Amino acid sequence: MSVGLPSSHFVDTNILIGYSVAWDSQSHPVEQYTSSGSFHEADHWASEAVLDEAEDVVNKQRRLSRQAAKVVFEQGNVDPGPDAEQDLINLVRSEFDDDSISGVLSLMEDNPHLFIGLTQSDSQRALIATISDLKNLFDKPSKFVNQLREGEEDFFSLNLFSSRPNSYADIYDSTFDDLDDLVENKADRDILLDSYHLLHSNGMSGLVFVTTDHGDILSVNDEIEICLDGVLIRSPVEID
């Protein structure tokens, strides 16, 4: 156990995605965390909102991967050779105008054969086969989230927090306002408050909120810890 850290860990959505999605950019730091002594000695928590968000992420990436495959099938006229993979990645990136495609680009880097094969055939059967292969890739994270929800996952077993009140603003008042000023993403704000409410409702002496979210959480971790007394914010690589 990391010296001085509580034994209760509340895991953010990105930890579950990094664990179950092999090509996710967070898989390496999450693997470090799940290989640590602290992980195996801790009791793990997440809220229903975390599982809902993880399910939404998986479903969205599955849908976007199908769209990317269709783009490659219809427009992927690239020359075979060492640059073919990057040319297809650039093609897919150009078709989407936000960061939501980043997970699909990582998938393409990890499984280039699925997409390069689409440029070598004009048969709809090739597209159907690729979409089937993509479905199989996403079956693992989908199953993982479902098993967590049903309490059937052995390695990454979770205690599920399901007692979110109707309004945190009514309960925590100034704490809510201070956190709302700190955290731009309101879903992240409410998941942080899930961990804070769990801490107090279960009489815990302390709790570690584990996340890879630098933009909204880790970048203001000191301020969040002052706001949510008893909750410590940590990146998975900070826990050994």
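Guide: Let's start with burial: a residue is buried under 20% relative accessible area, exposed over 50%, and partly exposed in between (1.4 Å probe, protein chains only). This is a predicted model, where local features need pLDDT of at least 70, side-chain atom pairs count only at pLDDT 80 or more, and totals for chains, interfaces and linings use all residues. Residues are numbered from 1 along each chain as its sequence is written, and side-chain values use heavy atoms, leaving out hydrogens and water.

Visitor: Is aspartate 177 buried, exposed or partly exposed, and why?

Guide: Aspartate 177 counts as partly exposed because its relative accessibility is 41%. Aspartate 177 is found in helix H10; helices are DSSP runs of H or I with at least four residues, numbered from the N terminus.

Visitor: Which residues form the negative surface patch?

Guide: A patch takes residues with over 30% relative accessible area and no salt bridge, joining like charges within 9 Å. A salt bridge means a side-chain nitrogen of Lys or Arg within 4 Å of a carboxyl oxygen of Asp or Glu. Here Asp170, Asp173, Asp177, Asp178 and Asp181 make up the negative patch, and H10 gives the most, 3 residues.

Visitor: What does threonine 175 touch?

Guide: Contact means heavy atoms within 4.5 Å. Leaving aside residues up to four places away in sequence, threonine 175 touches Tyr196, Cys227 and Leu228. Threonine 175 sits in H10, residues 174-182, and counts as buried because its relative accessibility is 15%.

Visitor: Where does phenylalanine 144 lie?

Guide: Phenylalanine 144 lies in helix H8, residues 124-150, and is buried at 4% relative accessible area.

Methods. Helix = DSSP H or I, 4+ residues; strand = E, 2+ residues; numbered from the N terminus. Patch = residues over 30% accessible without salt bridge, like charges linked within 9 Å, V, L, I, M, F, W, Y side chains within 5 Å. Areas by Shrake-Rupley, 256 points an atom, 1.4 Å probe, with all protein chains shown as cover. Lys, Arg positive; Asp, Glu negative; His and termini not counted. Charge placed at Lys NZ, Arg CZ, Asp CG, Glu CD.
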